[in-house]
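Q: Could we go through this structure together? I would like to begin with the charged side chains and then move on to other topics.

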Amino acid sequence: MFRVSNNLVGILNFITFLLSVPILGAGIWLAKRASTDCEKFLEKPVIALGVFLMVVSLAGLIGACCRVSWLLWVYLLVMFLLIVLLFCFTIFAFVVTNKGAGEALSGKGYKEYRLGDYSNWLQKRVNSTKNWKRIKSCLQDGKVCQKFADDKASETVEDFYKEHLSPIQSGCCKPSNDCGFTYVNATVWNKTAVTTYNNSDCNLWGNDPAVLCFDCQSCKAGVLDNLKSDWKKVAVVNIIFLIFLIVVYSIGCCAFRNNREDNARPRWSKPYP
């Protein structure tokens, strides 16, 4: 009689295999259609994830249903390593995102963000020229500040100061409050006669939509604050996924034991199908 654990492993891996097909297809589609650095940055991870899920699910499916013990052993080894890596990443995500928060401003509805408030590891990632070039490309391609400017086009300065801006809008689409620039609209600010600023971001600001404050420290801080929020959500999802993987791994261990017992049993004692 075919064991229940083998059935469960087979069903779960068949579902995983079906899920891997559209993921791989999306990666191949991105590879053919990608025209920006942001899209090109996504294609390789998506293809790698699709191939990984497909290979692992096939190993588990064949190993469990066809009683191929060595293949199921490889599947369990990969699952164990995945559990360890996911556990380490979850702890790392909580530790790295523990520092950093926006600074509330008097009379303003939004906060401003300082790069130095975040963990050194995250600071190094965004201070890398190569990494920041890709991130900036994503912000520009996503037209984050253009949509922001369109939404706030008719606002007065008093209304603008009451707005609750996102970290990226606050850090990348407007100059720092320290600069004291004159408001024209959400993404156009006239510089004053002051030539020396305490905040270096003031010298980097430009009204050109392709410039704005995309190279400012405040923009990098805004991205990190957004990333911090996203990583905490991902870490919570990871915990749930980790529990699921442990359950699947346990069922897989039972299936592996069943395979070994069936393979060790004399052929004459096995029932005919």
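Q: Which residues are linked in a network of salt bridges?
A: This is a predicted model, and in it Glu103, Arg114 and Asp178 form a network of salt bridges.

Q: What is the N to O distance between Glu103 and Arg114?
A: Their side chains meet in a salt bridge at 3.2 Å, N to O. Glu103 lies in strand β1 (residues 103-104) and Arg114 in the loop between β2 (111-112) and α4 (120-127), so the pair ties together parts that are 11 residues apart in sequence.

Q: And how far apart are the closest N and O atoms of Asp178 and Arg114?
A: The closest N and O atoms of that salt bridge are 3.2 Å apart. This pair links distant parts of the chain, 64 residues apart: Asp178 is in the loop between α8 and β3, and Arg114 is in the loop between β2 and α4.

Q: What are the relative accessible areas of Glu103, Arg114 and Asp178?
A: Glu103 has a relative accessible area of 35% and is therefore partly exposed. Arg114 counts as partly exposed at 25%. Asp178 is also partly exposed, with 44%.

Q: How many salt bridges does a search of the whole structure find?
A: The search finds 5. Among them is a salt bridge between Asp215 and Lys136, with the closest N and O atoms 3.1 Å apart. That pair links distant parts of the chain, Asp215 in the loop between α9 and α10 and Lys136 in helix α5, 79 residues apart. Asp215 counts as partly exposed, at 38% relative accessibility.

Q: Changing topic to Lys174: where does it lie?
A: Lys174 is in the loop between α8 (167-172) and β3 (182-185).

Q: Is Lys174 buried or exposed?
A: Lys174 counts as buried because its relative accessibility is 1%, below the 20% cut-off.

Q: Which side chain does Lys174 meet in a polar contact?
A: The side chain of Lys174 makes a polar contact of 2.7 Å with that of Glu112.

Q: What else is Lys174 in contact with, leaving aside neighbours within four places in sequence?
A: Besides Glu112, the contacts of Lys174 include Tyr110, Phe160, Leu165 and Gln169. Ala186, Trp189, Trp205 and Cys213 are also in contact with Lys174.

Q: On to the backbone. What is phi of Lys143?
A: Phi of Lys143 is near 55 degrees, a positive value in a residue other than glycine. Most residues other than glycine have a negative phi. Lys143 is placed in the loop between α5 (129-141) and α6 (144-151), and it counts as partly exposed at 42% relative accessibility.

Q: What about phi of Leu212?
A: Leu212 is not a glycine, yet its phi is positive, at about 40 degrees. Leu212 lies in the loop between α9 (201-204) and α10 (217-264). With a relative accessible area of 3%, Leu212 is buried.

Q: Finally, α3: how many residues does it have, and what does it reach from first C-alpha to last?
A: Helix α3 (residues 69-96) has 28 residues and reaches 40 Å between those C-alpha atoms, close to the 40 Å expected at 1.5 Å a residue.

Q: Which residues of α3 are buried?
A: The buried residues of α3 include Leu72, Tyr75, Leu76, Met79, Ile83, Leu86, Thr90 and Ala93. Ser69, Leu71 and Val96 are buried residues of α3 too.

Q: How does such spacing relate to direction in an α-helix?
A: An α-helix has 3.6 residues a turn, so residues three or four places apart point the same way.

Notes:
Residues numbered from 1 in each chain as written. Predicted model: local features only at pLDDT ≥ 70, side-chain atom pairs only at ≥ 80, totals over all residues. Heavy atoms only, no water. Helix = DSSP H or I, 4+ residues; strand = E, 2+ residues; numbered from the N terminus. Expected span 1.5 Å × (residues − 1). Buried < 20%, exposed > 50% of the residue type's maximum accessible area, 1.4 Å probe, protein only. Polar contact = N/O pair within 3.5 Å; in protein donor to acceptor, adjacent residues only side chain to side chain. Contact = heavy atoms within 4.5 Å. Salt bridge = Lys/Arg side-chain N within 4 Å of Asp/Glu carboxyl O.
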